[in-house]
Amino acid sequence: APSAWSAHTVLSSRRSSAMHDLHRALLQVFTDAGAMSEKEALAALTGLRDVYSAELANSQYDAYVRARVDTKMLDEIVAEVNRKVKFFSLRIARAHCPAYNAFYYGIVNLADGEVSKKGHSMTPAQVAFFAKVRTELGERADNEALATIEWMEALGLSVKLDKAFKLSNEEADNTLKKLVEEGWLAHGMQRSAEDDLALGPRSVLQLQYAS
């Protein structure tokens, strides 16, 4: 079985040629974004539908040219993309993110359930720190997606890292900011407090497929 295929691998493979350009472009959008709210995903699909309207009109997807872009259309296209990329143990998933009280879409890796091993730009020390934060969140609620931790508490977990993964206080603080920026963490429930942290949309999406 393939290991951790990336969406970039899929896009450059022969199998992606079986997709309509609209589907391939939408996969690229999700690849670049990491995670998108339903509102953002619908806006992206609207733009892509307009770009590829001529090609769609002469294809089996001609109904999309006349139809209103809505969640039903988005989910149909996502389902079609998922059928094409299942060989690569990838899928575009949809999940509700409690921290932002909104539905999100994003690419998840089905070959490995650990969120911290997915596509990211973190160093091994930052990944280890994130794992500590995740473990703490998991111990605070039966549903990890509903758990919160204060920023300073999360920051303090950096001192519990193994010597090989030590981070300074400033590095740990910047890591938390990076995790929020990239969607792995989020500010507290309904963004009620800037100094609270919860799982972000990318983590919630992947959490559905954690073993």
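In the predicted model, an open sheet is formed by 3 strands, which follow one another in the order 4-6-5 and pair in the antiparallel sense. Strand 4 and strand 5 are the edge strands of this sheet, since each of them pairs on one side only. Helix 7, comprising residues 124-138, packs on the sheet and touches strand 4, strand 5 and strand 6, with a direction that makes about 90° with that of strand 6. Helix 9, which spans residues 169-181, also packs on the sheet, where strand 5 and strand 6 are touched, and the direction of this helix makes about 90° with that of strand 5.

The pairing within the sheet can be followed residue by residue. Strands of a sheet pair through backbone hydrogen bonds, in either a parallel or an antiparallel arrangement. Strand 4, made up of residues 149-150, runs antiparallel to strand 6, made up of residues 196-199, and the two are joined by 2 bridges. Along this pairing, I149 stands opposite L197 of strand 6, while E150 stands opposite D196 of that strand.

Strand 6 is also paired with strand 5, which covers residues 185-187, and this antiparallel pairing extends over 3 bridges. Here A186 has A198 of strand 6 as its bridge partner.

Notes
Residues are numbered from 1 along each chain as its sequence is written. This is a predicted model: local features need pLDDT of at least 70, side-chain atom pairs count only at pLDDT 80 or more; totals for chains, interfaces and linings use all residues. Side-chain values use heavy atoms; hydrogens and water are left out. Two strands pair if DSSP finds at least two bridges between them. Helices (H or I, at least four residues) and strands (E, at least two) are DSSP runs, numbered from the N terminus. Contact means heavy atoms within 4.5 Å. Axes are lines fitted to C-alpha atoms, for helices over the stretch in contact, and angles run from 0 to 180 degrees between N-to-C directions.
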